[in-house]
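Q: I have a two-chain model open and would like to learn how to read its interfaces. Could we go through it together, one feature at a time?

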Amino acid sequence: MHKSLSIDPGKCTGCLQCEIACSLDNEGTFNPSKSRIKVFTFEAKGRFVPYTCTQCAEAWCLEACPTHAITIDRATGAKVVSDTLCVGCKVCTIACPFGTINFNQDTGKVVKCDLCEGEPECAKACPTEAITYVDADWTGLDKMRASAGAADAAAQA
Amino acid sequence: MAWAGKILRVNLTEGTCKSEPLNMEWANAYLGQRGLATKYLTEEIDPKVDPLSPENKMIMTTGPLTGTCASTAGRYSVVTKGALTGAIACSNSGGFFGNEMKNAGWDQIIFEGKSPKPVYLFIENDKAELLDASAHWGTSVWDTEEAIKHNHGDPQIRVASIGISGEKGVKYACVVNDMHRAAGRSGVGTVMGSKNLKAVAIRGTKGVSVKDPKRFVQATNDAKKVLAENAVTGEGLPAMGTQVLMNVINEVGALPTRNHRDSQFEGANDIGAEAMLKERESDGKPNLVTNAACFGCTIACGRISEIDRTHFSVAERPEYQIISGGLEYEAAWALGAATGINDIEALTFANFICNEQGLDPISFGATVGAAMEMFEDGVLTTKETGGIELTFGNAKALCDIAELTGRGEGFGAEIGLGSKLLCEKYGRPELSMTVKGQEFPAYDGRGIQGMGLTYATSNRGACHLRSYTVASEILGIPEKTDPLESDGKAGLVRAFQDATAVVDSSGMCVFTTFAWTLEDFAPQIDAACEGEWTVERLLEIGERIWNLERQFNLAAGFTGKDDNLPARLMKDAAKTGPAEGKTSGLDTMLPEYYEIRGWTPEGVPSNETLSRLGV
């Protein structure tokens, strides 16, 4: 059974601990500019929104790659880039509708979230549970629970 | 490791940027940030120099842990000789700028000289250049930051800049980064403006490394857990911000009101945390939009606010019908209690102006409070104020004077002198609630005795952040002491001063000390930095920093006589509340403090103390 990253921007404070943790795991240094997950600040709305690859079931990046460098990690469902096969052509970055696969100038390869082999560092580092790693079939469970509670309260009123 | 190992030296007169290695001997003796930059400054400038002359230098400085995963580790400081005080100045800021500087590979940037025309420094990792800022001169912090990002086509650039107030020489101008985080006190932005330096814009992508990453992650995780489980850092600060203090401090009778004439404010309930959470009648929304974190901070005390769109300050001003940095306790106190104004929307507007034009809201609000007292005494009239009825409680006057001061125009230019010079100018020096030229923050030294000694002895002029004994005297952290008792406070102040100097030199935030002691800092620093970093070593570094700062001030011309408080705190007893009848016990605390510090009765560090510390 696979899990998915579930993101609740309402809980995010914009601290970037997720980016810091992601970069340490992937690059060996604290370097948010190399993080696979990014937190966007929407100043005008006072909102902080983390965003990363959602691991499409039919992944456009994977389909577009001419060297078959992107494969599926069967254990987690993550779409994973092979640095050996990637030639840095960036076609995947064009194919991805969400912008979550990007080129890294230092290595000449593309990088994307690989779910850290099933133990995503971003979710572990998040101090407010804005990022959680949950049953892939039930990413809506918390929202559904909240809605159920609200509906029940309305019915009892 | 931890330190980037490099300093950028920017000569603004010559227009040059040069890289040089960090002096690791000094880093080992002073850790980083506040301590290390103070060491550089004291070695490189004459303490007697005019703060606004090209001979003064300004250092932007990170700590060894800045940019790491430690909680709150995104801090940087601006160290210089302060424009407001003429004393050593070190103002600390959060946001995201500090991490960017460190990730670009620089521990410090030393600015020297004065540029012949307005410039900004642009850094992309190793590359640093001075660029023309004539298009940004005369514009606000907000416009400058946006324009620079736009010009470079890179929204990920981080910017620290000054507003118009800093260009115009307002004595307490800040350096503002990330739109509303500020190196706020002592006029560090004024010094920046005097150098014709409008902004520093950085993009850093090099990464920050530590000595033992595995041990470091473990140590920082342990420390984060302590923060999460602490009532103040885990619950109070994220939910209410520092504003959680407003009612607490008012109840203990230590909320300075109307230029310290009173020590309790009848409007405290209207300007504190609860008021920011209350749904408004006009739009059903609270003033507070959300809390927000600085880089790496797992506390997230920052306030993000929106002004009531029907409020007089913004009703006809759509450009201020926005969401921006809201009221912290200090700002709410200075803009509110110190001026007797209980209109939280007006305070939020004045706070937005402070963000936009780079004003220290503490010094600004306190100076307005002093001016209001002179206005009520008839020393100032509408002739001097340009028609503004500067009476206590006048919210409209506060909003108008904030805009004028932000632009250094009209009577705003006089408010921009700061309370000391303003009160001297109008022949009422006794009405200036300052030490070493810097306005008091939000605690009354009569109701919280340790804070009186804190202000009197603070190396950067009156300041709560040099030894926050409120933690002990009011909140019971690490242990409760009686706020009305002056006995024992000398030792308490000294202990807080030394520990805080360490925190300010690490890259982490002093707010962690609601939960952490040096026992929590040491393992994090030790896992990050080469060498062995024990609590004992850190404490010695703290004491060394304090004495070095003291030596700078003595060489600048200050003496023990400047470790004083205004007569209002020494002679006029508090009128109400638990501190009723109390004055400050500074006269007995100060000699004891000097002795505990190993200083002479005149307040000069003894040769023995200096040689023990290697200062």
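Predicted model: local features only at pLDDT ≥ 70, side-chain atom pairs only at ≥ 80, totals over all residues.

A: Gladly, and let us start with a term: a polar contact is a pair of N or O atoms within 3.5 Å; within protein, one must be able to donate a hydrogen and the other to accept it, and residues adjacent in sequence count only if both atoms are side-chain atoms. Across the interface of chain A and chain B, that rule finds ten residue pairs in polar contact, both residues at pLDDT 80 or more.

Q: How confident is the predictor in the complex and in chain B?

A: The complex receives an ipTM of 0.96 and a pTM of 0.97. For single residues, pLDDT is the predictor's confidence, from 0 to 100; chain B averages 98, and 100% of its residues score at least 70.

Q: How many residues of chain A and chain B are in contact, and how much area do they bury?

A: Contact means heavy atoms within 4.5 Å, and 20 residues of chain A meet 36 residues of chain B in this way. Buried area is the accessible area (1.4 Å probe) that two parts lose on being put together, summed over both. Chain A and chain B bury about 1800 Å² between them, with 59% of it on carbon and sulfur atoms.

Q: How many salt bridges are there between chain A and chain B?

A: A salt bridge is a side-chain nitrogen of Lys or Arg within 4 Å of a carboxyl oxygen of Asp or Glu. Between chain A and chain B the count is zero. Even so, the side of chain A that touches chain B includes four charged residues, alongside nine nonpolar and seven polar ones. Here Ala, Val, Leu, Ile, Met, Phe, Trp, Tyr, Cys and Pro count as nonpolar, Asp, Glu, Lys and Arg as charged, and the others, Gly among them, as polar.

Q: Into which domains is chain B divided?

A: Domain bounds come from an automatic or database domain assignment, which gives domain 1 (6–203), domain 2 (257–432) and domain 3 (444–613). Domain 1 and domain 2 of chain B bury about 2400 Å² between them, 61% of it on carbon and sulfur atoms. On the domain 1 side, B:Trp142, B:Tyr172 and B:His180 lose the most area to domain 2, together 30% of what that side buries.

Q: Which side chains meet in a salt bridge at 3.0 Å?

A: Those of B:Arg185 and B:Asp360 (N to O); the count between domain 1 and domain 2 of chain B is one salt bridge.

Q: Which parts of chain B does the salt bridge of B:Asp126 with B:Lys6 tie together?

A: The closest N and O atoms of B:Asp126 and B:Lys6 are 2.9 Å apart. B:Asp126 lies in the loop between β7 (119–124) and β8 (127–132) of chain B and B:Lys6 in strand β1 (residues 6–11), so the pair links parts 120 residues apart in sequence.

Methods:
Residues numbered from 1 in each chain as written. Chains lettered and ligands numbered in written order. Heavy atoms only, no water. Helix = DSSP H or I, 4+ residues; strand = E, 2+ residues; numbered from the N terminus.
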